[in-house]
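My notes follow in the order I took them.

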Amino acid sequence: MMIRSIRVLAVGITLLFASTATADVVAYWNFNTFDADNDSTIAADQGSGTISLSSFAGGVKDFFGSTTNALNGDPRGTSLSLQGGTETGGDTYAGNGTFIELSFSMAGMQDLGVSYWTRRTGTGFNANQWSYSADGTNFTDFGPVIDPNATSSGDLSPPLSLSTLDNIDTAFLRYTVSGATSISGNNRIDNLVLTATAIPEPSSLAVLGLAGVGVVALRRRRGSATSAE
């Protein structure tokens, strides 16, 4: 009876942790109410977070986006559309080398994930890079250099994942864009989703440890019984 109880306990706890390890939405932007003429910051539509446009030197528009990666059945609306901006000399445009910045909390959370829909025009930004920071000053690149497909259908950026920001009170991400070759060349970003999983409480970890001890004891008892036969 004891062996069966230990087995049931271990299986039950394993299922419990499996069910609670699903990702939660930290922040989500659908940009459907974004006003390019007036908004220099964009609050998350779900969860909590802010996008700052103050360091992006190109033009900003609110062209149509996509339903790809949208949550809650949100309709296709506007997108955050980053343009090359004014020509600063030769083939150099103001937006190249500048960035948008996200700030949000990872307190009590781990394993940040980033996904979004994006596309660009033929002269839009074709060499873009994500970076992260725990202090808002020192940033480190992560993930590949991104060249969104230059097609009218757009594409979904490969999901990016990051564990360095686990349990940080205020975390930061930057998306730095480069490679635009015209004033109106643009990248559209839509349905930007940050996800993470809750860090288990110490008490929960202790219970899981006890279950592990029970499983080890069960195996030893089985081994002893086999040896005695």
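**Entry 1: around Thr-98.** I began with a side chain that reaches a backbone atom. A polar atom of the Thr-98 side chain sits 3.2 Å from the backbone nitrogen of Ala-57. I use polar contact for a pair of N or O atoms within 3.5 Å; within protein, one must be able to donate a hydrogen and the other to accept it, and residues adjacent in sequence count only if both atoms are side-chain atoms. Thr-98 belongs to strand S9 (residues 98-104). Strands (E, at least two residues) are DSSP runs, numbered from the N terminus. Is Thr-98 buried or exposed? Thr-98 is buried, at 13% relative accessible area. The cut-offs are under 20% for buried, over 50% for exposed and partly exposed in between (1.4 Å probe, protein chains only). I then listed what Thr-98 touches, leaving aside neighbours within four places in sequence. The contacts include Ser-55, Phe-56, Gly-58, Tyr-175 and Val-177. Contact here means heavy atoms within 4.5 Å.

**Entry 2: ground rules.** This is a predicted model, where local features need pLDDT of at least 70, side-chain atom pairs count only at pLDDT 80 or more, and totals for chains, interfaces and linings use all residues. Residues are numbered from 1 along each chain as its sequence is written, and side-chain values use heavy atoms, with hydrogens and water left out. The chain averages a pLDDT of 84, and 77% of residues score at least 70. pLDDT is the predictor's confidence in each residue, from 0 to 100. Residues 2-20 have a pLDDT below 50; this stretch has 17 contacts in the model beyond near neighbours in sequence.

**Entry 3: the sheet with S9.** I traced an open sheet of six strands, in the order S2-S4-S9-S15-S11-S12, with antiparallel pairing. Two strands pair if DSSP finds at least two bridges between them. Which strands stand at the edges? They are S2 (41-43) and S12 (140-146); each has a single partner strand, so one side of each is left without a neighbour in the sheet. Inside the order, S11 (residues 128-133) and S15 (residues 171-177) pair antiparallel over five bridges. One place I checked is Tyr-132, whose bridge partner in S15 is Leu-173.

**Entry 4: salt bridges.** How many salt bridges does a search of the whole structure find? It finds two. The criterion is a side-chain nitrogen of Lys or Arg within 4 Å of a carboxyl oxygen of Asp or Glu. Glu-101 and Arg-174 form one, at 2.6 Å from N to O. That pair links strand S9 to strand S15, 73 residues apart. Glu-101 is buried at 18% relative accessibility, and Arg-174 is buried at 19%. Arg-120 and Asp-147 also meet in a salt bridge, at 2.6 Å from N to O. Arg-120 is in strand S10 and Asp-147 in the loop between S12 and strand S13 (155-156), so the pair ties together parts 27 residues apart in sequence. Arg-120 is buried at 10%, whereas Asp-147 is partly exposed at 41%.

**Entry 5: positive phi.** Most residues other than glycine have a negative phi. I noted Asp-111, with a positive phi of about 60°. Asp-111 lies in strand S10 (residues 109-120) and is partly exposed at 43%. I also noted Asn-191, with a positive phi near 50°. Asn-191 is in strand S16 (residues 186-198) and is buried at 1%.

Notes:
Helix = DSSP H or I, 4+ residues; strand = E, 2+ residues; numbered from the N terminus.
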